[in-house]
Amino acid sequence: MSSSTAAKPRTDESIKTVPQDGPSARLNDESDAASSGDPAKATADSTEQETNDDPGEVPSMAQDRLARFKALKARAKKATDSNLKETAAESQRLSTDPALLSSLSRKHAFASHNLLKADTEEAGEDFERKRAWDWTIDESEKWDKRMEKKQRHRDDVAFQDYRQDARKVYKRQMRGLQPDLEAYEREKLAAVERAAASGGLEIVETNDGELVAVDKNGTFYSTADSTDFAENKPDRAAVDKLVSDLQKAEEVRLKKRRDRRGDDDPDVTYINEKNKQFNQKLGRFYDKYTKEIRDSFERGTAL
């Protein structure tokens, strides 16, 4: 037996196969997947191969997503800032009294007018003439007419007779009247078409192309003897408006009547007219002494 040990032969179990990472290995995997009948796996492997082949595409997609995310954050911040500004402006508008602003503006204009008048008179100049430099002749005439109209209105406030009172009521109602001109034109056109169809009107075209309706027998246009207006039926809205106007007029009449009679006292402490007069006589003499007691009863702090 020799001193050197013979080398053992290498068997198949001791041989280890090294995995292949190259392109040939991927081709073998794809061929195996295709041969095994799994097309989805083959497609996924090919997509992964294309992605791995282009390493610069992944960072570009990440940068694109980051840019879009930053843009969305900027839009959200801008919307938040805009909402805060609008909320602050709305809160300021609600906290501001329009009547107070109008009063301050009127006082400022009045003070500026008085200051300018004092400075002009101190310099020895004509205030009205200097003030008229800021206006044209037409504007000055319109202003004078407006002032005259206002002065006539002030002089016409007092009661003169029932005719003048009725005229003032009529003018006030005319100022509040808002006719529906579009509906009027539609009804007028429909009436003309009906009259033309029935033969009562004849549509004639003039030389300049204008259409004129000619009343042949004198029955279409209203006269002093016409009674066709009685057949008109107003709509529901017009009837409701008329009823509301009548109710307002009645409320105004009753209010004036109460003011003349002195019935505006909210505390009814009488049972008839004689008792009311007696209570009024007592109030003229003793209200100044009993005011504190009555106030205590109203507050509920009386003993």
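Is Thr 120 buried or exposed in this chain? Thr 120 counts as buried, because its relative accessibility is 1%. I will come back to that residue after a look at the whole chain. Please keep in mind that the model is predicted.

First, the overall layout. The chain has 303 residues, of which 6% count as buried. Thr 120, with its 1% relative accessibility, belongs to the buried class. There are two strands and 10 helices. If you read along the sequence, the order is α-α-α-α-α-α-α-α-β-β-α-α. On contacts, take the pairs of residues at least 6 apart in sequence: 5% of those contacts join residues at least 24 apart. The chain exposes about 28200 Å², and 55% of that area is supplied by carbon and sulfur atoms.

Now back to Thr 120. The residue is found in helix 4, which covers residues 98–122. What does Thr 120 touch, if we leave aside the neighbours within four places in sequence? Its contacts are Glu 125, Asp 126, Phe 127 and Lys 130. Two of these residues also pair with each other: Glu 125 and Lys 130 form a salt bridge, with 3.9 Å between the closest N and O atoms. For a salt bridge the cut-off is within 4 Å, so the pair at 3.9 Å is counted. Lys 130 counts as partly exposed because its relative accessibility is 32%. Glu 125 is partly exposed too, since its relative accessible area is 41%. So Thr 120 is buried at 1%, while Lys 130, one of its contacts, is partly exposed.

Next, the other salt bridges. How many does the structure hold? The count is seven. Besides the pair I just described, I will go through two of them.

One is in helix 9, which runs over residues 236–261. Arg 236 forms a salt bridge with Asp 240, and the closest N and O atoms are 3.7 Å apart. The two residues are separated by about one helical turn, because they are four residues apart in helix 9. Arg 236 is exposed, with a relative accessible area of 63%, whereas Asp 240 is partly exposed at 39%.

The other is in helix 10, residues 273–299. Here the side chains of Lys 291 and Asp 295 meet at 3.0 Å, N to O. The spacing is again four residues within a helix, so Lys 291 and Asp 295 are separated by about one helical turn. Lys 291 is partly exposed, with 48% relative accessible area. Asp 295 is partly exposed as well, with 23%.

Now the surface, starting with charge. Which residues make up the patch of positive charge? They are Lys 149, Arg 152, Lys 171, Arg 172, Arg 175, Lys 256, Arg 257 and Arg 260. Helix 6, helix 7 (162–176) and helix 9 each give two or more residues to this patch. To take one member, Lys 149 has its place in helix 6. Lys 149 counts as exposed because its relative accessibility is 57%.

There is a negative patch as well, formed by Asp 138, Glu 139, Glu 141, Asp 144 and Glu 148. Glu 141 is found in helix 6, residues 137–155. At 45% relative accessibility, Glu 141 counts as partly exposed. Helix 6 therefore holds Glu 141 from the negative patch and Lys 149 from the positive patch.

Phe 278, Leu 282, Phe 285, Tyr 286 and Tyr 289 make a patch of about 600 Å². Phe 285 lies in helix 10, the helix that also holds Lys 291 and Asp 295. Is Phe 285 buried or exposed? Phe 285 is exposed, because its relative accessible area is 54%.

To sum up, this predicted model has 10 helices and two strands, with 6% of its residues counted as buried. The surface carries a positive patch, a negative patch and a nonpolar patch. That is all I have; I will take questions now.

Methods
Residues numbered from 1 in each chain as written. Predicted model: local features only at pLDDT ≥ 70, side-chain atom pairs only at ≥ 80, totals over all residues. Heavy atoms only, no water. Patch = residues over 30% accessible without salt bridge, like charges linked within 9 Å, V, L, I, M, F, W, Y side chains within 5 Å. Areas by Shrake-Rupley, 256 points an atom, 1.4 Å probe, with all protein chains shown as cover. Lys, Arg positive; Asp, Glu negative; His and termini not counted. Charge placed at Lys NZ, Arg CZ, Asp CG, Glu CD. Buried < 20%, exposed > 50% of the residue type's maximum accessible area, 1.4 Å probe, protein only. Contact = heavy atoms within 4.5 Å.
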